[in-house]
Every structure is written in structure tokens, then in C-alpha cells.
There are 2 protein chains.
Amino acid sequence: MRRSEIRGHLLDTALRLFNLHGYHATGIDLLIAEAGVAKTTLYRHFETKEDLILAALERRDEQSRAEMRIFVEHRASEPYERLLATFDFLEASVRDKQFRGCIFMSAAGEHKEAVDPVFRAALMHKRLVLAYFEELAHAARFSEPKRIADTINLLHEGATAIAQLTRTAEPVRQSKRMAASLLSEEARAAKEPSARSEGAEQQASNADRA
Amino acid sequence: MRRSEIRGHLLDTALRLFNLHGYHATGIDLLIAEAGVAKTTLYRHFETKEDLILAALERRDEQSRAEMRIFVEHRASEPYERLLATFDFLEASVRDKQFRGCIFMSAAGEHKEAVDPVFRAALMHKRLVLAYFEELAHAARFSEPKRIADTINLLHEGATAIAQLTRTAEPVRQSKRMAASLLSEEARAAKEPSARSEGAEQQASNADRA
DNA sequence: GCTTAAATATACCGATCTGTATCGTTTGAC
DNA sequence: GTCAAACGATACAGATCGGTATATTTAAGC
């Protein structure tokens with residue numbers, strides 16, 4: 001292995017092990033054994049384990065967001081369809097045999113204090129993903145792109161969490177259907193602005209079902 | 001402290017620390033120091049740390065589901081409203097100062113292998129919560145209570161995940177609004193059974209917005 | 001009140017943790 | 001081809017991990 005590749009190889013190995021076993025459960029000794037590298041080499045590239053984690057998360061953040069952009073842009077051309085195509089990207093991620101949940105959520109779950117740099121790195125990634133959703137929602141000319149982005153984001157996180165437990169992609173497909181329903185409802189409400197007050201719709205359509 | 005209370009006290013202390021720091025990061029020595037108990041005592045009640053984790057999760061599973069039932073049944077009387085009231089229960093949980101995310105998701109996140117007893121315990125809890133949602137959806141006379149329960153469940157998980165990062169209850173309120181919208185749409189579609197095929201609704205309501 | 005089980009305190013075990021020190025070997029840049 | 005920097009291998013440090021052993025004190029049930 002060429003020396004210029006070692007750092008990236010270490011980060012890739014670390015990400016693989018973090019995904020497989022988690023952060024605390026992944027020891028330095030296992031990491032260097034898997035990477036086929038001396039301990040001295042690891043600590044020449046990263047001062048501490050935390051620095052390694054932060055560098056790995058940063059690498060993965062950039063990778064995954066770039067992959068999502070490319071996937072989505074190739075899958076659909078219209079912004080509205082691209083919002084829904086983000087679920088197809090998520091589905092592909094979840095279908096990966098190695099899928100064990102979102103590594104950023106895992107990172108935040110193992111570093112729970114809000115001031116922890118690892119927690120903050122995870123939060124930053126989620127903010128950037130959310131910003132991409134908002135960008136798409138804005139391009140799709142939604143009147144409240146922030147709220148639309150929050151909606152997509154919530155469905156993504158819910159599907160990811162459930163898929164982590166069930167080990168199936170079905171929650172992702174379901175969340176896409178929910179997104180389609182909610183977005184079409186948004187569009188319907190936008191061109192037919194009724195004076196109906198919010199919060200009154202729940203009991204109306206209840207009793208007379210079935 | 002009376003001896004009969006020690007086991008419960010140990011489990012409560014363990015749950016508090018697991019919630020604060022996670023499972024791997026919570027050491028036995030810290031646990032017994034916080035509980036004010038000798039190490040011998042801990043190991044008389046639990047054979048291993050894993051047994052302690054499993055007992056703690058079982059305790060919390062029963063506690064939280066019982067609390068949710070009581071909260072929901074007191075908050076609303078109609079099954080349909082009770083489905084939405086589950087979000088109010090979630091909001092109360094999230095507003096707790098000590099909220100650091102769902103401990104069952106954290107447990108699964110730190111014990112990622114599907115055969116791991118801790119992972120299975122977390123999965124079992126989620127199945128039981130889902131069963132409760134289905135029970136409510138059935139009582140609310142939805143034609144597909146399983147699917148409705150999946151919908152509520154996905155919104156719960158999404159809101160919980162995002163609240164874990166943002167440390168606010170807003171995602172929960174948003175997910176409740178999304179649930180209300182989706183359920184009312186379900187009800188509307190139920191009494192007006194159109195022949196519109198599924199999957200065709202996404203591109204229809206797109207171009208003519210704004 | 002006696003007995004017995006369970007609590008306490010403490011010392012200890014081997015393994016593992018992150019991180020460092022030493023030293024010989026290899027590599028890449030000039 | 002030289003030389004400095006980076007590599008590999010290994011040993012080790014000090015702390016902490018989960019868990020055990022021992023010996024003494026406490027408290028609950030008959």
C-alpha cells in the first residue's frame with residue numbers, strides 16, 4: 001500500500017468496524033489488525049481515537065451526501081420527484097448487506113452529551129442533509145420549503161430507525177408512500193386555500209368510517 | 001435500603017446511567033458507586049453485565065408501555081384520538097430534561113448483531129409498542145390496522161431520532177400533525193373508494209403548484 | 001434470640017483499553 | 001544515491017474493564 005493511501009484506508013476500515021460493532025466496542029488493536037497497519041502508523045495520522053472518529057465521520061459525511069446528490073439527480077429531473085427519489089437512495093443504503101443503521105445516529109447515541117465533538121459532528125451531518133432536502137423543496141416551489149424538508153427528514157429518520165431493527169427495506173418504501181401522500185396533500189392545499197382552521201380535521205373524519 | 005428493594009434500585013440506577021452515557025460507556029464500578037452498593041451484591045443479583053442490561057430493558061419495557069397506556073387512556077376516550085395522543089405521551093418523554101433518545105434504540109445501536117440478546121430485547125419492545133398501536137388502530141376501525149400502526153410507529157421513531165439530536169420537542173409535534181394529516185386522508189379514502197391506481201398520484205399534483 | 005443468607009469492604013485476577021517508546025526497515029523526494 | 005520521514009514490529013505503561021475471592025458485618029425469618 002502506498003503511503004498516501006494509508007490515511008484513507010484507515011478511515012475506511014474504521015468506518016467499516018464502527019458500522020459493524022459501534023464506536024466503543026471497536027478497539028484500536030482490532031482496527032490496526034484489520035487495516036494491516038502498525039499502531040505507530042495509526043497514531044502518526046490521528047492524535048487520539050476521538051480524532052479518528054471525527055475524521056471518519058467527516059469522510060463519511062462528504063461521501064454519503066455526494067452519493068445521494070448523484071443518485072437523486074440521475075434518478076429524477078424534476079425537484080418534486082427528486083424529493084421522493086431521496087427515499088430510493090435510502091432504500092439502496094438499507095438494502096446493503098452491511099447496513100446496521102445510520103452511523104451518525106449511532107455516533108450520537110454513543111456520545112450523548114450535546115457538547116461532545118462526536119455528537120456535534122453527527123448533528124452537523126444531519127443539518128447538511130436537511131439543507132439538501134430544503135434545497136430540493138425550494139426548487140420544487142413549495143411555499144414552506146423548511147417545513148417540507150423537516151417532513152422528508154422525519155420520514156427518513158423513522159424509516160432508518162425501523163429498518164435498523166427489522167433488517168428490511170419495507171419501512172423505507174412505506175415512508176416514501178407517506179411522503180408522496182403528504183406532499184400531494186401539501187400541493188392540493190396550496191392551490192385550494194380554504195379557511196379551515198388547523199386542528200379541527202381530526203374528529204370530523206372519524207366516526208363515519210368502516 | 002431494604003434488601004428487597006436493592007434489585008429494583010440497581011436496575012433504576014443502571015437505566016439512568018445507560019441513558020446518560022450508553023451501555024459500553026457505563027462501567028460496573030461506576031454503577032455500584034452510584035447505587036451505593038458493593039460489587040458482590042451486584043453480582044449476587046445479576047450473573048453478568050449482559051444479564052443486568054437485559055433485566056433493565058425488561059423493566060423499562062414494562063414501565064414505559066404501562067405509562068403510555070395510562071397516559072393515552074386518560075388523555076382521550078376515542079380510539080382515533082388515542083392514536084394521536086400517543087404523540088403527546090412521546091412529547092412528554094422528550095421534554096424530560098434527562099431525555100437522550102430511546103434507550104431501546106441505543107441498546108440496538110450498541111449491540112448490532114441480530115442474534116445478540118440485547119438487540120432482540122430492543123426489538124421485542126418495539127414489537128410490543130407496535131402491537132399497541134395496532135390495537136388502537138383496530139379499535140378505531142381502520143380497515144388496515146397493521147398499516148396504520150406502522151405509520152404511527154414510523155412517525156414516532158422519526159420524531160424520537162430527530163429530537164435526540166435537536167434536543168427539542170418540536171419534531172414530536174410535527175410528527176403528530178403529519179399523523180393527523182395521514183389518518184384523515186386514510187379516513188377520506190376509505191369512504192370514497194376511487195379506482196385510482198396506487199403510485200399514480202405523485203406526478204399528477206406536481207406541475208401546477210405555486 | 002438464633003441462625004442463616006445476604007449485605008459490606010477490599011484486595012485481587014486476567015484481559016483489554018488507549019496511548020507511548022524503542023528500534024530496525026522501507027520508501028519517496030531531491 | 002542520499003537522507004529524512006514514514007513505515008512495521010514489539011514491548012510496555014497506566015488505567016479500566018468485567019468478574020471473583022475472602023473475610024466481616026448486618027439484617028430478616030423462624
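Across the interface of chain A and chain B, zero salt bridges are found, a salt bridge being a side-chain nitrogen of Lys or Arg within 4 Å of a carboxyl oxygen of Asp or Glu. The rule for polar contacts finds six residue pairs across this interface, both residues at pLDDT 80 or more. A polar contact is a pair of N or O atoms within 3.5 Å; within protein, one must be able to donate a hydrogen and the other to accept it, and residues adjacent in sequence count only if both atoms are side-chain atoms.

This is a predicted model, in which local features need pLDDT of at least 70, side-chain atom pairs count only at pLDDT 80 or more, and totals for chains, interfaces and linings use all residues. Residues are numbered from 1 along each chain as its sequence is written, chains are lettered from A and ligands numbered from 1 in the order in which they are written, and side-chain values use heavy atoms, with hydrogens and water left out.

**The protein interface**

Chain A contributes 61 residues to the contact and chain B 60 residues, where contact means heavy atoms within 4.5 Å. The buried area is about 5100 Å², with 61% given by carbon and sulfur atoms; this is the accessible area (1.4 Å probe) that two parts lose on being put together, summed over both.

Chain A superposes on chain B by a rotation of 180 degrees with 0.0 Å of shift along its axis (RMSD 0.0 Å), using least squares on the C-alpha atoms of residues with pLDDT of at least 70 in both. The two copies are therefore related as by a two-fold rotation axis. Of the residues of chain A, A:G158 comes closest to that axis, its C-alpha lying at 1.7 Å. Because 98% of the interface residues of chain A are also interface residues in chain B, the copies meet through the same surface.

**The DNA surface**

Around DNA strand C there are 19 residues, of which A:I28, A:K39, A:K49, B:T40 and B:T41 come nearest; a residue is near if one of its heavy atoms lies within 4 Å.

| Protein atom | Atom of DNA strand C | Distance |
|---|---|---|
| A:I28, polar backbone atom | phosphate oxygen | 2.7 Å |
| B:T40, side-chain N or O atom | base nitrogen | 2.7 Å |
| B:T41, side-chain N or O atom | phosphate oxygen | 2.3 Å |

With four residues, α3(B) gives the most to the surface near DNA strand C; helices are DSSP runs (H or I, at least four residues) numbered from the N terminus.

Technical notes:
Helix = DSSP H or I, 4+ residues; strand = E, 2+ residues; numbered from the N terminus.
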